[in-house]
Amino acid sequence: MYKILIFSTEYSYVWMEKIKQLKFDNVAFDFYFYHSLTELENLFVEHANKYDGIAFSGQIPYLHIQSKLPNEANFIPRTFFDILQRDFYYKMAEIQYKDPSFSWKESVIDFIYNENNYLDLKNWLPQEDFPYILSDTIDIFGHPDAYDIVSNRHLSLWREKKVRYSFTRLTNLHHYLKDDNIEPILVVPTKYSMSITLTKLIKEIELVQLTNSQVVTGHLIFSAAQNDAHEIEYRQIALYKAILDFNRELGIPLITFKSAIHYEIITNYIDLLTITSNLKSCSLTNFLQKELPFKVKIGWGIGKTLDESRLQAEKATTFCQGAFTQSYVLTKENQAIGPLDGQSQLATTTSDTVLNEVAEQTHLALFQLQKISAVLEKLKTDEVIAEDLAAHLSISIRTANRMLNRLHETGYATVLEKKLLHVKGRPPKVYKISLHKEMD
């Protein structure tokens with residue numbers, strides 16, 4: 001049975017409790033209420049790892065966790081309940097029926113943006129009649145002061161006598177507007193749209209669990225003079241003992257095989273994430289560095305079958321070129337990640353002043369831009385594809401694509417259309433990034 005955690009405020013629970021009426025086989029829902037975003041962070045850290053998926057009542061809590069706890073958030077399927085076109089137009093038809101004098105251009109709608117295609121309004125509503133909006137991107141909801149930004153937008157438009165209607169997703173917005181006697185029109189997801197959102201989340205959970213069951217092989221190899229039988233025997237015994245000691249310390253039953261000068265560990269993807277702190281720092285590497293006086297190359301291979309993972313693991317060891325024990329991961333897509341030694345930290349020399357300007361232009365969070373800058377400096381290139389960016393930032397490829405597209409749209413990246421990589425199928429886009437572009 002899948003366990004899904006629902007985060008909600010008490011205000012949102014009025015409509016979110018409809019989830020209890022939905023019929024999903026082998027799915028259990030638990031609700032947690034939060035009264036502040038700080039409390040939400042604490043609840044997430046304490047409880048999220050006990051569940052298969054997370055759903056948030058809206059954009060603000062979802063983006064807040066993504067911003068404040070990216071490492072924890074990126075390794076669990078999550079979503080938020082948004083307004084679908086069906087919900088929106090049903091509500092608008094009701095408003096127009098009750099108020100024949102309704103005017104789109106005298107309205108402010110805070111939940112339409114580029115990511116939901118403005119709920120199709122731009123495809124049929126003339127620009128001169130288009131309503132006021134909060135922002136062209138959903139990322140504005142990830143701002144630390146998102147509630148104040150939303151309420152101030154509504155208030156300023158009312159005080160300037162530009163609008164007569166306020167449409168909102170925020171169930172507590174009326175508290176911000178009551179002193180001005182403004183009653184916002186709350187639009188919430190219907191039971192139908194909540195069902196669609198949760199169905200997508202369940203499919204993502206199924207995909208993650210399928211990924212977690214992938215076969216992983218660890219290939220450990222040491223070097224020794226071929227004519228020094230005693231040294232080879234010593235290193236064999238010492239390495240094997242160290243692996244067993246690591247097993248006991250970690251508490252994960254790793255299957256271990258040995259040959260002349262290498263050892264093989266068989267496990268699965270979810271255990272690999274534990275051993276490597278989500279593909280960042282390999283605890284086995286750190287352990288062997290302390291226990292053994294000789295270098296060990298560790299290659300982790302991921303594959304659909306044992307033979308495929310073994311082949312990837314052997315290839316991964318070829319990336320270990322340092323003077324000390326190192327480890328690399330090679331995915332089934334031939335993506336190398338490493339070294340996972342806990343020593344290589346992303347560092348950026350791009351000034352925050354420059355990146356703040358880029359953040360304002362692109363509506364990307366400053367911390368995201370800092371990490372992108374650091375990756376480019378680490379790789380010593382200004383060209384990157386979404387898959388590589390995702391691997392180095394520990395984010396999904398979809399998120400990496402969204403960030404690169406945003407940089408491209410705002411002129412901070414160009415697509416090198418003619419640069420083809422040696423891969424099967426459609427080649428990925430190569431982005432040339434320039435975070436120092438002259439400001440307009």
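Two aromatic rings of Phe, Tyr or Trp are taken as a pair if their centres lie within 6.5 Å. In this predicted model, a search of the whole structure finds 25 aromatic pairs.

One of these pairs joins phenylalanine 44 and phenylalanine 56. The ring centres are 6.3 Å apart and the planes meet at 15°, so the pair is stacked, since planes under 30 degrees apart count as stacked. Phenylalanine 44 belongs to helix H2 and phenylalanine 56 to strand S3 (residues 53-56), so the pair ties together parts that are 12 residues apart in sequence. Phenylalanine 44 is buried, with a relative accessible area of 2%, and phenylalanine 56 is buried as well, at 0%.

A second pair is formed by phenylalanine 102 and tyrosine 165. Here the centres of the rings are 4.9 Å apart and the planes stand at 65°, so the pair is edge-to-face; the cut-off for this class is over 60 degrees. Phenylalanine 102 is located in the loop between helix H5 (85-98) and strand S5 (107-109), whereas tyrosine 165 is in strand S7 (residues 165-168), so the pair ties together parts that are 63 residues apart in sequence. Both phenylalanine 102 and tyrosine 165 are buried. These two residues are also members of one aromatic cluster, together with Phe88, Tyr89, Trp104, Phe111, Trp124 and Phe167.

Helix H2 also takes part in helix packing. Two packed helices are described by the angle between their axes and the distance between the axes. The axes of helix H2 (residues 37-47) and helix H3 (residues 59-68) come within 10 Å and cross at roughly 65°, and the crossing is right-handed. On the H2 side, the contact is made by Leu37, Leu40, Glu41 and Phe44; on the H3 side, Ile60, Pro61, His64, Ile65 and Lys68 contribute. By class, 6 of the residues in this contact are nonpolar, 1 is polar and 2 are charged.

Strands of a sheet pair through backbone hydrogen bonds, either parallel or antiparallel. In this sheet the order is S15-S17-S16, and the pairing is antiparallel. Strand S15 (383-384) and strand S16 (413-415) are the edge strands, each pairing on one side only. Between S16 and strand S17 (residues 431-433), the antiparallel pairing extends over 3 bridges, and alanine 413 has isoleucine 433 of S17 as its bridge partner. Helix H16 (residues 397-409) lies across S15, S16 and S17 and runs at about 65° to S17.

Terms used:
Residues are numbered from 1 along each chain as its sequence is written. This is a predicted model: local features need pLDDT of at least 70, side-chain atom pairs count only at pLDDT 80 or more; totals for chains, interfaces and linings use all residues. Side-chain values use heavy atoms; hydrogens and water are left out. Two strands pair if DSSP finds at least two bridges between them. Helices (H or I, at least four residues) and strands (E, at least two) are DSSP runs, numbered from the N terminus. Contact means heavy atoms within 4.5 Å. Axes are lines fitted to C-alpha atoms, for helices over the stretch in contact, and angles run from 0 to 180 degrees between N-to-C directions. A crossing is left-handed if the near helix is turned anticlockwise from the far one by less than a right angle, and right-handed if clockwise. Ala, Val, Leu, Ile, Met, Phe, Trp, Tyr, Cys and Pro count as nonpolar, Asp, Glu, Lys and Arg as charged, and the others, Gly among them, as polar. Rings of Phe, Tyr and Trp (its six-membered ring) pair if their centres lie within 6.5 Å; planes under 30 degrees apart count as stacked, over 60 as edge-to-face and the rest as tilted. Buried means under 20% relative accessible area, exposed over 50%, partly exposed in between (1.4 Å probe, protein chains only).
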